[in-house]
Amino acid sequence: MNDEEAIKLAKQGRQEGFKNLFSNHADFLFSNAFRILGNKTLAEDAIQDTFSAAFKAIASFKGESKFRTWLYKIMYRNSLRIIKQNREINPNELLPEDNESEANIINTKLDVEKVLNLLDERERSILIMVYHDDLPLKDVAEILEIKENNAKIVLYRARKRFSEIWSKFNEKEVGTDEL
Amino acid sequence: MNCEEFRNRLNKTTQSSFSEQEDIALESHLNSCKACNAWLDNLLITPPAGINNLSLLSAPQKCFPESLTENKNIAVSEDKSLLRTYLSGLKYGLVFGLSIICGLVIVELRNESKQNVFDDSPQIPPFIVFETSIKDIPSFINERSYANQSFFENENSEMPDFYSLESDKDLNFYKINLEEENYDG
């Protein structure tokens, strides 16, 4: 079932509409949230909150932007809120990172994840959204709440940083700790 | 900022040297330069090596909101809210209509009571014509006594001094009257 039909059903309050919307977008959102937050549990919370908020507000969705863009926007805000809350609780610590076994359970390719974790949230998100999720730059700019040309500059910078670290990481000249 | 400077500065900026002002300067050049825009678009098409290795993670089913049972009734609650709006509108409409009816009834009652008062009062012919003429005015009212009375009534008032108004022809008879009275006295 495509988004349009699922949204119609969801607006009528039908369970299958919600389930279809969830199955169409949950994996993309979860992947992105996990990479922003670096923690599986927090990512699950972020996704649950995102879908909960989206389903409650489904009646107000007018279709001016794509449904996925709308969901990403909610997810990105939720993730930033969680990061902020965690920093308030543990100001000297970054987000708790999943251990390797946990990461293996969800089949991540650790090398890329480690490199991404060295970037900041915005750089990480923009790289994933543009190159992994194939979202248009215009939509990404809308999600990040910046102008399109600013998004290009952020993406260029993120891309450059990622490439530099990735090449160093693969050559094993230096460990990621020294980066 | 020219194109060369833009490209150099964009290459030099890293996360550590990033500043908002720098970003604004770069963005303003990008807004005005089509060549740099095209150059950057072209660069950004190719994904960086390694990023394709990212896999799509599957979201656990427990991420599906538990509170969806509440959401089942979204459409229903929407209908309910519409019904509530309609009912409240109807309520206000009824109150408005009733107040108008009450007002009309009160006005009607007042008119009726007025009518009753007129009905109870003795019948008076609608038009009474008093036929009067100058001849009917009593003879003791003449010009002189009226004038004297007016003068003495106003003697202690703050009316203007009549003696100073000798030149006023209209007031001459007041003066004459006064002189006559003084002579008599």
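Buried residues have 20 or more other C-beta atoms within 10 Å of their own, with C-beta atoms placed from the backbone. Residues are numbered from 1 along each chain as its sequence is written, and chains are lettered from A in the order in which they are written. In this predicted model, local features need pLDDT of at least 70 and side-chain atom pairs count only at pLDDT 80 or more, while totals for chains, interfaces and linings use all residues.

Chain A has nine helices and zero strands. Helices are DSSP runs (H or I, at least four residues), as are strands (E, at least two), numbered from the N terminus. Of its 179 residues, 41% count as buried.

Contact requires C-beta atoms, placed from the backbone, within 7 Å. By this criterion, 45 residues of chain A are in contact with 38 residues of chain B. Helix 9 of chain A gives the most to the side that touches chain B, with 12 residues. That side of chain A has 22 nonpolar, 12 polar and 11 charged residues. Nonpolar covers Ala, Val, Leu, Ile, Met, Phe, Trp, Tyr, Cys and Pro; charged covers Asp, Glu, Lys and Arg; the others, Gly among them, are polar.

A:Ile47 touches residues of both chains, including A:Leu29, A:Phe30, B:Ala59 and B:Cys63.

Notes. Two residues are in contact if their C-beta atoms, placed from the backbone, lie within 7 Å. A residue is buried if 20 or more other C-beta atoms lie within 10 Å of its own, exposed if 12 or fewer, and partly exposed in between; C-beta atoms are placed from the backbone. Lists of a residue's contacts leave out its neighbours within four places in sequence.
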